[in-house]
Amino acid sequence: MSLSIILPLKDRFEFTPRIVNNIRQRPVRLIIADGSREPPSQERLAWFHRSGDYFYAGYDNTYEHWFFKMTLALDRVTTPYAMICDNDDLPVWSGLERCISFLDHNPDYVACSGRVRGFWMWPDPVKGPHYKTSKQYAMYDTPADYNQETANERVLAG
């Protein structure tokens, strides 16, 4: 296992089971950092603990508290690589595997990214569910390519 996925939560629990079930099928470490308004019920707390490394950090109603929660989550990372994934996203596993392979073979790089792909679903009473994907979710979701020879050149290019 070489990847930890940090899942920051702040309410919106209805999205969480889908992403957790998706992540649990993969050989990754899941760290759930909860900053919701209220601590979870006992039933939900038990589910969280079965799903990954869960902790409740108190309500993150300020950026300062969100950064505090994320620092606590980073302290729990025990793998060579880590990423953040929101509970309304789904990782593209083939892309993550390529990123890990790239980083494994290029030790002078500290990060790797792919595209964020948009996905929409809507029901139709006549024809059933429909979906659409896009190559780019938003105009800033296309990663830059920093392939300069040295780390210093890559930093300056960025």
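## Basis of the model

A residue is called buried at under 20% relative accessible area, exposed at over 50% and partly exposed in between (1.4 Å probe, protein chains only). The model is predicted, and local features need a pLDDT of at least 70, side-chain atom pairs count only at pLDDT 80 or more, and totals for chains, interfaces and linings use all residues. Residues are numbered from 1 along each chain as its sequence is written, and side-chain values use heavy atoms, with hydrogens and water left out.

Strand β1 spans residues 3-9, strands being DSSP runs of E with at least two residues and helices runs of H or I with at least four, numbered from the N terminus. Seven of the seven residues of β1 are buried, so this strand is largely enclosed by the rest of the structure. In a regular strand the side chains alternate between the two faces of the sheet. Here L3, I5, L7 and L9 point one way from β1, while S4, I6 and P8 point the other way, and all of these residues are buried.

Strand β1 runs parallel to strand β2 (residues 29-34), to which six bridges join it, where pairing requires at least two DSSP bridges between the strands. Within this pair, I5 stands opposite L30 of β2. Strand β1 also pairs in the parallel sense with strand β4 (residues 81-84), in this case over four bridges, and S4 stands opposite A82 of β4. Together with helix α1 (residues 16-24), strands β1 and β2 make a β-α-β unit that is right-handed, that is, with the strands pointing away from the viewer, the path from the first strand over the helix to the second runs clockwise.

## Salt bridges around D53

A search of the whole structure finds six salt bridges, each a side-chain nitrogen of Lys or Arg within 4 Å of a carboxyl oxygen of Asp or Glu. One of them links D53 to R29, with the closest N and O atoms 2.8 Å apart. D53 lies in strand β3 (residues 53-56) and R29 in strand β2, so the pair ties together parts that are 24 residues apart in sequence. D53 is buried, with a relative accessible area of 17%, whereas R29 is partly exposed at 23%.

The side chain of D53 also meets that of R76 in a salt bridge, at 2.4 Å from N to O. Because R76 lies in the loop between α3 and β4 and D53 in strand β3, this pair ties together parts that are 23 residues apart in sequence. R76 is partly exposed, and its relative accessible area is 28%.

## A buried charged network

K69 forms a salt bridge with D60, in which the closest N and O atoms are 2.7 Å apart. K69 counts as buried at 1% relative accessibility, and D60 counts as buried at 2%. Salt bridges that share partners join K10, D60 and K69 into one network.

## A nonpolar surface patch

On the surface, Y63, W66, F67 and I84 form a nonpolar patch with about 480 Å² of accessible area together. Such patches join nonpolar side chains (Val, Leu, Ile, Met, Phe, Trp, Tyr) within 5 Å, and like charges within 9 Å, among residues with over 30% relative accessible area and no salt bridge, areas coming from the Shrake-Rupley method with a 1.4 Å probe. Helix α3 (residues 63-75) contributes the largest share of the patch, three residues. I84 has its place in strand β4, and I84 is partly exposed, with a relative accessible area of 48%.
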